[in-house]
Amino acid sequence: MDEVFKALADPSRRRLLDSLNTRNGQTLRELCAGLDMARQSVSKHLAVLEAAHLVTTARRGREKLHYLNAAPINAIADRWISRYDRERARALADLKTALEQSPMSASDTTAEGRFVYTTYIKTTPERLWQALTDPAFTRRYWGVAFESDWKPGSTVTWHEEAATMADPEQVVLEAEPGRRLSYTWHTFTPEWAKAVGVDEETRARLLTEPRSKVTFEIEPVGETVKLTVVHEAGDVLLGMSREGWPAIVSGLKTLLETGEPLPEPAA
């Protein structure tokens with residue numbers, strides 16, 4: 001948390017976050033042009049923000065795109081907001097809201113068509129891979145059991161709530177154990193919609209969008225593992241996912257680090 005507070009204390013770095021808050025997924029060149037800052041200065045400030053995990057990056061071809069990352073702000077909120085009254089915590093709460101919404105807002109997902117979320121988990125790459133692929137794990141933090149041999153080209157069957165989803169286009173795209181996993185997203189069947197409470201109008205809109213894909217990038221960092229989730233999808237699905245992915249990743253992190261899933265939200 002010290003690194004996060006230090007990063008946020010500099011006005012130039014806050015301007016960079018404001019720029020990404022306005023338009024997420026920018027290249028270094030775009031950030032320099034929008035902020036009237038020298039390229040070297042922007043690079044140094046971005047390095048500090050990345051070290052504090054407030055900014056994460058993803059490749060699009062040869063371009064390196066920069067995204068806000070909500071995970072450190074979530075940690076600040078969990079540690080501090082519950083300990084102080086609303087008035088004393090308002091600045092942190094407002095910042096948390098702004099940063100959580102920005103990577104997943106309608107305008108951002110329309111522009112880039114992707115959601116990017118990074119967190120650090122005290123585990124091993126092998127254990128994290130197991131947690132992403134073993135149905136005994138995924139059911140505990142995700143509520144979904146996956147059926148697949150996790151080889152490129154193999155199908156992935158989803159068992160979620162009272163619905164089972166299978167489709168020839170629901171397949172594994174990449175699978176490098178302990179490093180990278182990518183697959184196409186599930187099929188929006190009437191059974192799925194009924195089980196999770198999605199109305200038929202929304203389901204119809206989802207079916208007009210290209211099939212999305214999710215990629216999990218795994219990178220060991222000291223005694224932790226850096227997990228980056230990249231979800232490429234249409235506006236409707238990403239709009240629905242703005243709360244879902246942070247909850248899934250937080251549940252995964254908690255289960256691996258404590259052995260217990262997150263408690264169910266209060267009714």
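Which residues touch the most other members of the largest nonpolar core? I looked this up before anything else. W142, Y183, F216 and W245 do, in a core of 45 residues. A nonpolar core here is a set of buried Ala, Val, Leu, Ile, Met, Phe, Trp, Tyr and Cys residues joined through side-chain atoms within 4.5 Å.

**Entry 1: ground rules.** I note that this is a predicted model, in which local features need pLDDT of at least 70 and side-chain atom pairs count only at pLDDT 80 or more, while totals for chains, interfaces and linings use all residues. Residues are numbered from 1 along each chain as its sequence is written, and side-chain values use heavy atoms, with hydrogens and water left out.

**Entry 2: the whole chain.** I found 13 helices and ten strands. Helices (H or I, at least four residues) and strands (E, at least two) are DSSP runs, numbered from the N terminus. The chain has 267 residues, and 46% of them count as buried. I use buried for under 20% relative accessible area, exposed for over 50%, and partly exposed for in between, with a 1.4 Å probe and protein chains only. The chain exposes about 13,900 Å², and carbon and sulfur atoms supply 50% of that area. Accessible areas come from the Shrake-Rupley method with a 1.4 Å probe; for residues, only the protein chains shown count as cover. Among contacts with a separation of 6 or more, 57% are between residues 24 or more positions apart. Contact means heavy atoms within 4.5 Å.

**Entry 3: back to the core.** I went back to the core of 45 residues. Helix α13 gives the most to this core, with six residues. I also noted a second, separate core of 18 residues, which includes A7, L20, C32 and L54. In soluble globular proteins, nonpolar side chains tend to be buried together. I then listed the contacts of F216, leaving aside its neighbours within four places in sequence: L132, W142, R179, R180, L181, Y183, L227, T228, V229 and W245.

**Entry 4: the cavity.** How many cavities of 30 Å³ or more are there? I count one, and the largest cavity has a volume of about 30 Å³. On a 1 Å grid over the protein atoms alone, a cavity is a set of points where a 1.4 Å probe fits but cannot get out, and a pocket is an open set with protein on both sides within 12 Å along at least five of seven lines; lining residues have an atom within 4 Å of a point. Grid points are joined across faces, edges and corners, and a volume is the space filled by probe spheres set on the points. The largest cavity is lined by L132, Y141, W142, F216, L227, V229, W245, I248, V249 and L252. The lining divides into ten nonpolar, no polar and no charged residues. For this sorting, Ala, Val, Leu, Ile, Met, Phe, Trp, Tyr, Cys and Pro count as nonpolar, Asp, Glu, Lys and Arg as charged, and the others, Gly among them, as polar.

Entry 5: I looked up the second largest pocket, which has a volume of about 520 Å³. It is lined by 18 residues, and W142, E160, W192, G244 and I248 lie nearest its centre. The elements that give it two or more lining residues are β5 (157-160), α10 (190-196), α12 (235-240) and α13 (244-258). Helix α13 gives the most here, with three residues. This lining divides into twelve nonpolar, four polar and two charged residues.

Entry 6: Most residues other than glycine have a negative phi. I noted H53, with phi near 65°, and W150, with phi near 55°. H53 is in the loop between α4 and β1 (55-60) and is partly exposed at 27% relative accessibility. W150 lies in the loop between β4 (144-147) and β5 and is buried at 11%.

Entry 7: Is H45 buried or exposed? H45, in helix α4 (residues 39-51), has a relative accessible area of 15%, so I put it down as buried. Beyond four places in sequence, H45 touches D10, S12, R13, L16 and M37. R39 lies in helix α4 too, but counts as exposed at 51%. T157, in strand β5, is buried at 14%.
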